[in-house]
Amino acid sequence: GQILHHNHLLIEAALELELLIMNDPSVWQISIYLVKLFGGVDLNTDMACFIHYHTRLNALLQTAFHSEEIIQIESIRENAYEDKFPDNISSPKNVIFLSKSPLIRLTKLRDAVQRAGITVALLAPSEVEFQEEYLSGFDTVNRYNNLSDIWRYLENTDAQAVHSFTTTDAGTLDALAAYVCVPSRFVYDVYDVPGPEISAISRVTFDDKLTTQMNANMALHRVIIDQGSNICTRSIYPKFLKTPLSNVRQARIFIPEPCIKDYTAAPKLSEVDGKLHIVHGGSFLTEKSGDSPWSSLLWLAERAEKLDVHFHLYAMPWVGQDMSEYESISEHSANFHNHGYLPYDQWMSEISKYDIGMFYVHPADEKHLAKTPRAIDPSGAWSNKISDYIDAGLYTVISNKYRLMAWYVGRYGVGQGVALDQVLEKSFWDDLRQKVFSSRDNFKNARKPLKQEAIGERLAKFYQSL
């Protein structure tokens, strides 16, 4: 400990242990000892606040991995090193987006917030590659190598909010580090709710290392939800997205991905051939990997000719996916078109020529998806594809188990929730044809609540309330 103090390496040693926590929670038996060594540090030095942040972080990690009950970490409410604004200036019009992943959600919310007159800085790890086109829309881009860099950057900024984005398998430790530094200005963005009662990952068996990492992420996610004051989410699961701690004041806001451009006037292929054209794209897994005939959309590819529809697939397969069944059908079917993956900037203009945006349709008995990474409870889920389909003027066909999204598209007459046995019948698609063609005038109203200006204004007010 004395050697580490002398060489100013104590914090660095502790931070290295924090990175190892995701693979082995027992490492914190050592980290607890390091925290005790902090007592020898002069609290009048610049390093004092970093030690305080680390002590807070350690307390939260202990709660995540070793506590049998949910407890409030009182030190997070302290004012000694609380994030602060000078009394003589107005609230700044800038926010920081913290993320380890180049999510489309970031760019859509960034553009919406910028329309509200707020500048957006990206704070991202150095080792993660972001395309230049992705980065170019941010007002500034800052990189970090470790948690200490996050603290150093946040210590020297007066941003109105630190909006942290995580996924099921990445970013929770970085988010937790930002939270202990700026708790009152920290906004936790819940991409997909990773609770075991809801999440798709509960259906799947991973290797030991990945399972440990997934479980660690879920534990850290739960701690942030329990302790945090500001929650932004694209899903609605009230039971799982609020703290059980009665004395924690918590603000929550539902912010779906906004619409970005109106493509509804684009000409449709159906105007030429009179046939319904259905499209699906994005991340994709096959029936073989899900071990179920209903894991994906092979049923539609196989039946496209019989149903008298055209199915266009723009799949971005998960690693290790066997697409041979889809490839074989596309060689022999005039109604199934296996186009391959398209970059997002080309995706919107391409799909606007079709009629129907297709989602996965769950079977009535969820046991058929026992090994398929689909949400166990998809009722409150929201997908980026909804706003894409509305932008492109596509009538959405979605499983009625996605109650939130099915309600929205049904509310505005631009889609409907369905059961699996419905979509397997030709009569369903025959009856749907006229409904789809007559829905074209409904998309203007469907876009209004999702327009960038509307989403940006709501987020700006939320930031202002922090």
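Student: Where is the place of Asp226?

Tutor: Asp226 has its place in helix α9, residues 208-227, where helices (H or I, at least four residues) and strands (E, at least two) are DSSP runs numbered from the N terminus. This is a predicted model, in which local features need pLDDT of at least 70 and side-chain atom pairs count only at pLDDT 80 or more, while totals for chains, interfaces and linings use all residues. Residues are numbered from 1 along each chain as its sequence is written, and side-chain values use heavy atoms, with hydrogens and water left out.

Student: And does Asp226 count as buried or exposed?

Tutor: Asp226 counts as buried, because its relative accessibility is 5%; buried means under 20% relative accessible area, exposed over 50%, and partly exposed in between, with a 1.4 Å probe and protein chains only. Its C-alpha atom is separated by 8.6 Å from that of Leu241, 15 residues apart along the chain.

Student: What does Ser235 touch?

Tutor: Leaving aside residues up to four places away in sequence, Ser235 touches Tyr191, Val193, Leu241, Phe254, Gly380, Ala381 and Trp382, a contact being heavy atoms within 4.5 Å. Ser235 lies in the loop between β6 and β7, and with a relative accessible area of 2% this residue is buried.

Student: Let's zoom out: how many helices and strands are there in the protein?

Tutor: The protein has 20 helices and 13 strands, and buried residues make up 54% of its 466 residues. Of the contacts between residues at least 6 apart in sequence, 76% join residues at least 24 apart.

Student: What order do the strands take in the open sheet of 7?

Tutor: The order in that open sheet is β3-β2-β1-β4-β5-β6-β7, and the pairing is parallel, where two strands pair if DSSP finds at least two bridges between them. At the edges stand β3 (140-144) and β7 (251-254), each of which pairs on one side only. Neighbouring strands are turned by 25° against each other on average, direction ignored; axes here are lines fitted to C-alpha atoms, for helices over the stretch in contact, and angles run from 0 to 180 degrees between N-to-C directions.

Student: How many bridges join β2 to β3?

Tutor: Strand β2, residues 119-125, is joined to β3 by 5 bridges, the two running parallel, and Thr140 in β3 is the bridge partner of Ala121.

Student: Which strands does helix α5 touch?

Tutor: Helix α5 (residues 104-115) packs on the sheet against β1 (94-99), β2, β4 (161-166), β5 (186-190) and β6 (230-233), and its direction makes about 180° with that of β1. Helix α7, residues 147-155, lies across β1, β2, β3 and β4 and runs at about 160° to β2.

Student: What about α5 and α20, at what angle do their axes cross?

Tutor: The axes of α5 and helix α20 (residues 452-465) cross at roughly 80° and come within 7 Å. The two helices are therefore roughly perpendicular to each other, given that angles under 35 degrees count as roughly parallel, over 145 as roughly antiparallel, 65 to 115 as roughly perpendicular and the rest as oblique. Lys108, Leu109, Asp111, Ala112, Val113 and Arg115 of α5 make the contact with Gln452, Glu453, Ile455, Gly456, Leu459 and Tyr463 of α20. These residues divide into 6 nonpolar, 2 polar and 4 charged, with Ala, Val, Leu, Ile, Met, Phe, Trp, Tyr, Cys and Pro counted as nonpolar, Asp, Glu, Lys and Arg as charged, and the others, Gly among them, as polar.

Student: On to the open sheet of 6 strands: what is its order?

Tutor: The order there is β10-β9-β8-β11-β12-β13, with parallel pairing. Its edge strands, each pairing on one side only, are β10 (336-338) and β13 (415-418), and the twist from one strand to the next averages 20°.

Student: Which strands does α12 lie across?

Tutor: α12 lies across β8 (276-284), β9 (309-317), β10 and β11, and runs at about 165° to β9. Helix α14, residues 344-351, also packs on the sheet, where this helix touches β8 and β9, its direction making about 165° with that of β8.

Student: And how do the axes of α12 and α13 cross?

Tutor: The axes of helix α12 (residues 298-307) and helix α13 (residues 324-332) cross at roughly 10° and come within 10 Å, which means that α12 is roughly parallel to α13.
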